[in-house]
Amino acid sequence: MKYLSFDIECCDGKHICEFGYVITDENFNTLQKVCLTINPEKPFNLTGRKNKKDCILAFSEEEYSKSPTFPEYYDTIKTLISAPNTVIFGHSMSNDAAFLRTACRRYNLPPLNFKFVDSQVLYKEFSGKTSSISLENAEDIFNLDNVHQHKSDEDALATIKL
């Protein structure tokens, strides 16, 4: 049994610019930790937004723009999420699943169907809270080492720790 945790960053809240993941064994020992930068082929709109906190990504817009586009990573991502004997989990996974769906539609690629466990949903269920919790706030509540926020492989690792 393996565990796959992944996280996605977007350039504008919709289009993928980063896919990071961590694979562990059943004892949560890290086997692989990778961050893929992706050219979103869309403008970045993450700062100076009205009534929204700025989102500072780990890499420069130039670095993302020099990266391969989503179709070049499609097979890699598909292989990861369809690996046998693998449980997929993340934080706010419904958003990440939607980002993947948007990218597949945009590039006319077959959808990536998969089942997952969402730590945000688990937190609500077990805490009795009705509101969602951000990964950053969860890290604070559970006294986890805060890593670089909005770097997808680091957020995937934080989810494993959570």
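**Entry 1: a lysine and its partners**

I began with lysine 33, which counts as partly exposed at 33% relative accessibility. The model I am reading is a predicted one, so I keep in mind that each value below is computed from that prediction. Next I looked up what the side chain of lysine 33 meets, and I found a salt bridge to aspartate 153, with 3.3 Å from N to O.

Is aspartate 153 buried or exposed? Its relative accessible area is 5%, and because buried means under 20%, aspartate 153 counts as buried. Aspartate 153 also forms a salt bridge with lysine 151, where the closest N and O atoms are 2.8 Å apart. Lysine 151 has a relative accessibility of 19%, which is under the 20% cut-off, and therefore I noted lysine 151 as buried too. I then followed the shared partners, and the salt bridges join Lys33, Lys151, Asp153 and Glu154 into one network.

**Entry 2: the other salt bridges**

How many salt bridges does the structure hold? I counted four in the list for the structure. One of them joins lysine 66 to glutamate 62, with the closest N and O atoms 3.2 Å apart, and both of these residues are exposed.

**Entry 3: the chain as a whole**

I stepped back to look at the whole protein chain, which has six helices and five strands. Read along the sequence, these elements follow the pattern β-β-β-α-α-β-α-β-α-α-α. Of the 162 residues in the chain, 45% are buried. I also looked up contacts between residues at least 6 apart in sequence, and 62% of these join residues at least 24 apart. The accessible surface comes to about 9,100 Å², and carbon and sulfur atoms account for 48% of it.

**Entry 4: the sheet and its order**

In which order do the five strands lie? They form an open sheet in the order β3-β2-β1-β4-β5, and the pairing is mixed. I marked β3 (30-37) and β5 as the edge strands, since each of them pairs on one side only. To remind myself what the pairing rests on, I wrote down that strands of a sheet pair through backbone hydrogen bonds, either parallel or antiparallel.

**Entry 5: the antiparallel side**

I worked through the antiparallel pairs, starting with β1 and β2, which are held in that sense over nine bridges. Among the paired residues here, isoleucine 8 has phenylalanine 19 in β2 as its bridge partner. The two strands form a hairpin with five residues between them, and glycine 13 in the turn has a positive phi of about 85 degrees.

Strand β2 (residues 16-25) also runs antiparallel to β3, and seven bridges join the two. I looked up two of the facing residues: glutamate 18 stands opposite threonine 37 in β3, and threonine 24 has threonine 30 of β3 as its bridge partner. β2 and β3 form a hairpin as well, with four residues between them, and phenylalanine 28 in the turn has a positive phi of about 65 degrees. When I checked how covered β2 is, I found that ten of its ten residues are buried.

**Entry 6: the parallel side**

Moving across the sheet, I found that strand β1 (residues 2-10) pairs with strand β4 (residues 86-90) in the parallel sense, over four bridges. Here serine 5 has phenylalanine 89 in β4 as its bridge partner. β4 runs parallel to strand β5 (residues 117-118) as well, and two bridges join them, with aspartate 118 of β5 as the bridge partner of glycine 90. Between β4 and β5 the chain crosses through helix α3 (residues 93-106), and this β-α-β crossover is right-handed.

**Entry 7: helices on the sheet**

Which strands does α3 lie across? I noted β1, β2, β4 and β5, with α3 running at about 70 degrees to β1. Helix α6 (residues 152-161) packs on the sheet too, touching β1, β2, β3 and β4, and its direction makes about 40 degrees with that of β2.

Note on methods:
Residues numbered from 1 in each chain as written. Predicted model: local features only at pLDDT ≥ 70, side-chain atom pairs only at ≥ 80, totals over all residues. Heavy atoms only, no water. Pairing = 2+ DSSP bridges. Right-handed = clockwise from strand over helix to strand, strands pointing away. Contact = heavy atoms within 4.5 Å. Axes fitted to C-alpha atoms, helices over the stretch in contact; angles between N-to-C directions. Buried < 20%, exposed > 50% of the residue type's maximum accessible area, 1.4 Å probe, protein only. Areas by Shrake-Rupley, 256 points an atom, 1.4 Å probe, with all protein chains shown as cover.
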